[in-house]
Amino acid sequence: MSPTLSIIIVTYNWLKWLDKCLTSIFAQTYAPFEVILVDNWSSDETQSFVTKRFPLVKYILSPTNLWFAWGNNLGIAQAQGNLILLLNNDTRVDSDFLEKYINIYETAGYDILWVTEKPYEVTQKKTSWPISLTIDRFWHHFIDRTEKKLFYTNWACILCTKQVYMATWWLDDNFFMYCEEVDRQWRSRLYGYTTGKTNEVYIYHAGAWSSSWNRLNYTTFLRRNQNTLQMLIKNYRWWNLCRVLPCYMCINIIEMLVFFSVWKWKIAYSYLQGRWYVIRSLRWSIIPKRKIIQAKRVVGDKEIMKHMYHWSAKIHHLYTYLQKS
């Protein structure tokens, strides 16, 4: 029987999460589905563990570390299901998760559907639920606990059709790490596809306990600074871009000065490196993609901005980073 659902999991040296994740998937009441695991050239025992412990998994070994965007695109290219579920490997789910999730997706009317997240372990500090994720006009992300604005979804778990994913031009493979889900769902909104969230079904997600996103380190800032600027250039109309970019650059200069003042010189330098990366990528990558996006879009910036946070999220987030330093 052909699978109606393809579950895509990308991993890199995260063997410690895979057993619980895959065990919970294969305990589902829903069928039929396939599981595609893309291994970004892990140096641990991921391959031998998965092939022996979970022989039904379609295992794809990448020739190098392609990270999140390339890894998901590689898995989806080989997916046979009409529905695509992208799932982090640091998650686990209840046995009726897929059955409930797909039923809600088929009746809710959204093209892309996100679920509520709960702490992976009961010993973890409880996070306020539910929340929604949005961005301000300069990209910076903001957690809206009132759920009044939802711009993008955390790609720890999302469900959509393969047609929607392919029609909105995959994930941008020029994003080595971070912000690729924001860019992808911005593009989905430009193309007229809807994004929603359900609080009736949830995943258990390790989240910040397994990721460096919320840590004050050079790599996080370098990748973010590379990706956010090219995302703005690709997705805004030129007249809004002319208004947003000067403010964005000024905010970046202020951030650099703050990091210099607290002796975080390498992080401050990552802003300059990010700008240089974008300049080098403009001609061969960013501008050609912008032309395609702007030609295919059916929704204006004014409508897109309704889902954005109207104040600056930079100040709040920068303060949070400095607290962690």
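**A surface patch, a sheet and the cysteines**

Phe260 counts as partly exposed, because its relative accessibility is 40%; partly exposed lies between buried, under 20% relative accessible area, and exposed, over 50% (1.4 Å probe, protein chains only). The model is a predicted one, in which local features need pLDDT of at least 70, side-chain atom pairs count only at pLDDT 80 or more, and totals for chains, interfaces and linings use all residues. Residues are numbered from 1 along each chain as its sequence is written, and side-chain values use heavy atoms, with hydrogens and water left out.

Phe260 lies in helix α8; helices are DSSP runs of H or I with at least four residues, and strands are runs of E with at least two, numbered from the N terminus. Together with Ile253, Leu257, Trp263 and Trp265, Phe260 makes a nonpolar surface patch of about 620 Å². Such a patch takes residues with over 30% relative accessible area and no salt bridge, nonpolar side chains being joined within 5 Å; a salt bridge is a Lys or Arg side-chain nitrogen within 4 Å of an Asp or Glu carboxyl oxygen.

I turn to the sheet. Its 8 strands are open and mixed in pairing, in the order β3-β2-β1-β4-β9-β6-β10-β5. β3 (58-61) and β5 (91-92) stand at the edges with a single partner each, so one side of each has no neighbour in the sheet. Strands pair if DSSP finds at least two bridges between them.

Finally, the structure holds 0 disulfides, that is, pairs of cysteine sulfur atoms within 2.5 Å. The sulfur of Cys21 is 9.8 Å from the closest cysteine sulfur, in Cys157, too far for a bond.

Terms used. Patch = residues over 30% accessible without salt bridge, like charges linked within 9 Å, V, L, I, M, F, W, Y side chains within 5 Å. Areas by Shrake-Rupley, 256 points an atom, 1.4 Å probe, with all protein chains shown as cover.
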